[in-house]
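This report describes a structural model and is intended to be read beside the sequence and coordinates. The sections below treat strand pairing, the interface, the nonpolar cores and selected backbone features.

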Amino acid sequence: MSDWISACDLSAIEQEGALRFDHNGRTYAIYRSATDEVFCSDGLCTHEAVHLADGLVMDYEIECPKHSGAFDIRTGDALRLPACKNLRMHDARVEDGKVMVRLR
Amino acid sequence: MDDLQYGKRDKRGYWTPNEPAGVAPIWSFPPQVMKIIKWLPQYFFPYDVLWVLSALAWWNWILPDVEVMKTLAWGWILKLFVVNLVAVFVFFGVYEWRLYIKRAQGTRFKYNAKFPSEHPSEAFWFKSQNADSILRIIFHAMPIWTAIEVGILYAYANGYVPWISFADHPWYLLGLALVMPIIHETHFYLIHRLIHTPFLYKHVHSVHHNSVNPSPYSSLSMHPVELLLYLGMALWHLVIPSNPILALYQLHRAGFGAIPGHIGFDKIEMGDKSGLPTHAYIHYLHHRYFEVNYGDGLVPFDKWFGTFHDGSKEGDALMNARYAKRKAQMNGTQG
């Protein structure tokens, strides 16, 4: 288990928005809910390798920009075809206005 | 027109009609006579009448004499290709221009509030749904369409298959013409299930499904194998004793007739108070949800085999139950 690292400022992500975060050759998506909770998942859709951060967050759902597959940003659960495999989630929290993530 | 009187738009911008999608009432039991009478004009108007007229127009004004069609020569084949190509772009283009370029009715009655041109996607050649679709129509759809057409005409002209004449067997041919939409629906449903099998989906049908928000040119934006299977429904007229005009009608029904399911709008406004129903919703739901509505509802295959989605919350629940099973399998094997 790696340590917590600073990914970005919270203000860099819109409410009900997502941001791509690349680290150590891997890509992640960080989400901010309407109530400023933050979540972090692997960055690519499990259906086809598309960056989820380019998709639309609404409530707790991210919709993939390519085929409209959807995932729960709290749990990574796939919610709609063509996405069937769940997303891998990582820990995320806000500390002094920074989004901190702990990557698995 | 106020589309919110006819449906609801959710936070994501998806518009859902108040009236759930339904299958043709001819299959209901006990028979619902009034419903059938009310529905019956849809069986012919406006589209099928148009395809019959286009088949007659091709036969009378575009195609050469039967003697010429006995030989495969570039002259008449190229002319046919060019006419087919122009006709498709004019026909699809009318919808594209009015609804997607001029945007005459904005997003009113549009199932997906986004316009594909404003959302470039890596899924398409040049990141453009339209550029991708137009190129596929020019280089894949129209050569295959024309090749199938030429093959059928060549077979009839040379007497390789029986040519039933309207003069000798008018009632038989009229009956055949009346069941042709059912032939279309059955053929379409069967090949559609086939190309949704994992291998064919991945390598063939996914091209068409890149258009999750379909627009007119998406109609024939397909992999060549899918085009062969789909437009090949006209080849049934080499198996069933028929007439080349009916074969042309079947081909035009498949080719030009691909558009209703891909218009992306539920109604085309005709003034302030009325709108022409497009009957696009069943197939739109297929593009949005992938594994529902393999047919268009003329024959209730999807109801019989449990894949029908009428756009309602109940339809969502049924789909989600199937999805949960599949997802459990996928994530269970994921380790």
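How many bridges join strand 6 of chain A to strand 7 of chain A? Strand 6 (residues 61–63) and strand 7 (residues 70–72) are joined by 3 bridges and run antiparallel.

## Model and confidence

The model is predicted. Its scores are ipTM 0.71 and pTM 0.89. For chain B the average pLDDT is 94, and 99% of the residues score at least 70.

In general, the strands of a sheet pair through backbone hydrogen bonds, in either a parallel or an antiparallel manner.

Strand 3 (residues 26–32) of chain A pairs with strand 4 of chain A in the antiparallel sense, over 5 bridges. Within this pairing, A:Tyr31 has A:Phe39 of strand 4 as its bridge partner. The two strands form a hairpin with 5 residues between them, and A:Asp36 in the turn has a positive phi of about 70°.

Strand 4 (residues 38–42) of chain A is mostly covered, with 4 of its 5 residues buried. Strand 4 of chain A is also joined by 2 bridges to strand 9 (residues 89–95) of chain A, and these two strands run antiparallel. Here A:Ser41 stands opposite A:Met89 of strand 9.

## Contact between the chains

Chain B contributes 16 residues to the contact and chain A contributes 13 residues. On the side of chain B that touches chain A, the elements giving two or more residues are helix 10 (281–289) and helix 12 (313–334) of chain B. Helix 12 of chain B gives the most, with 6 residues. By residue class, this side of chain B comprises 6 nonpolar, 3 polar and 7 charged residues.

## Nonpolar cores

The largest nonpolar core has 89 residues. The residues with the most contacts inside this core are A:Ala18, A:Ile30, A:Tyr31, A:Ile62, B:Ala141, B:Leu231 and B:Ala234. Helix 5 (residues 129–157) of chain B supplies the largest share of the core, 9 residues. A second, separate core of 6 residues includes B:Val23, B:Ala24, B:Tyr294 and B:Phe301.

Leaving aside residues up to four places away in sequence, B:Leu231 touches B:Ile144, B:Trp145, B:Ile148, B:Leu251, B:Ala254 and B:Gly255.

B:Leu176 is located in helix 6 (residues 170–195) of chain B. Why does B:Leu176 count as buried? B:Leu176 is buried because 20 other C-beta atoms lie within 10 Å, and the threshold for burial is 20 or more.

With residues up to four places away in sequence not counted, B:Leu176 touches B:Ile240, B:Ser242 and B:Leu246. B:Leu176 and B:Pro224 are 48 residues apart in sequence, and their C-alpha atoms are 29 Å apart in space.

## Cis peptide bonds and positive phi angles

One cis peptide bond joins A:Leu81 and A:Pro82, with omega of about 5°; A:Pro82 lies in the loop between strand 8 and strand 9 of chain A. In chain B, a cis peptide bond joins B:Phe45 and B:Pro46, with omega of about -10°. B:Pro46 is in the loop between helix 1 (33–44) and helix 2 (47–62) of chain B.

A:Asp96 is not a glycine, yet has a positive phi of about 50°. A:Asp96 sits in the loop between strand 9 and strand 10 (98–102) of chain A, and is exposed, with 8 other C-beta atoms within 10 Å. B:Arg103, also not a glycine, has a positive phi of about 50°. B:Arg103 is in the loop between helix 4 (74–101) and helix 5 of chain B, and counts as partly exposed, with 13 C-beta neighbours inside 10 Å.

Definitions and conventions. Residues are numbered from 1 along each chain as its sequence is written. Chains are lettered from A and ligands numbered from 1 in the order in which they are written. This is a predicted model: local features need pLDDT of at least 70, side-chain atom pairs count only at pLDDT 80 or more; totals for chains, interfaces and linings use all residues. Two strands pair if DSSP finds at least two bridges between them. Two residues are in contact if their C-beta atoms, placed from the backbone, lie within 7 Å. Ala, Val, Leu, Ile, Met, Phe, Trp, Tyr, Cys and Pro count as nonpolar, Asp, Glu, Lys and Arg as charged, and the others, Gly among them, as polar. A nonpolar core is a set of buried Ala, Val, Leu, Ile, Met, Phe, Trp, Tyr and Cys residues joined through C-beta atoms within 7 Å. A residue is buried if 20 or more other C-beta atoms lie within 10 Å of its own, exposed if 12 or fewer, and partly exposed in between; C-beta atoms are placed from the backbone. pLDDT is the predictor's confidence in each residue, from 0 to 100.
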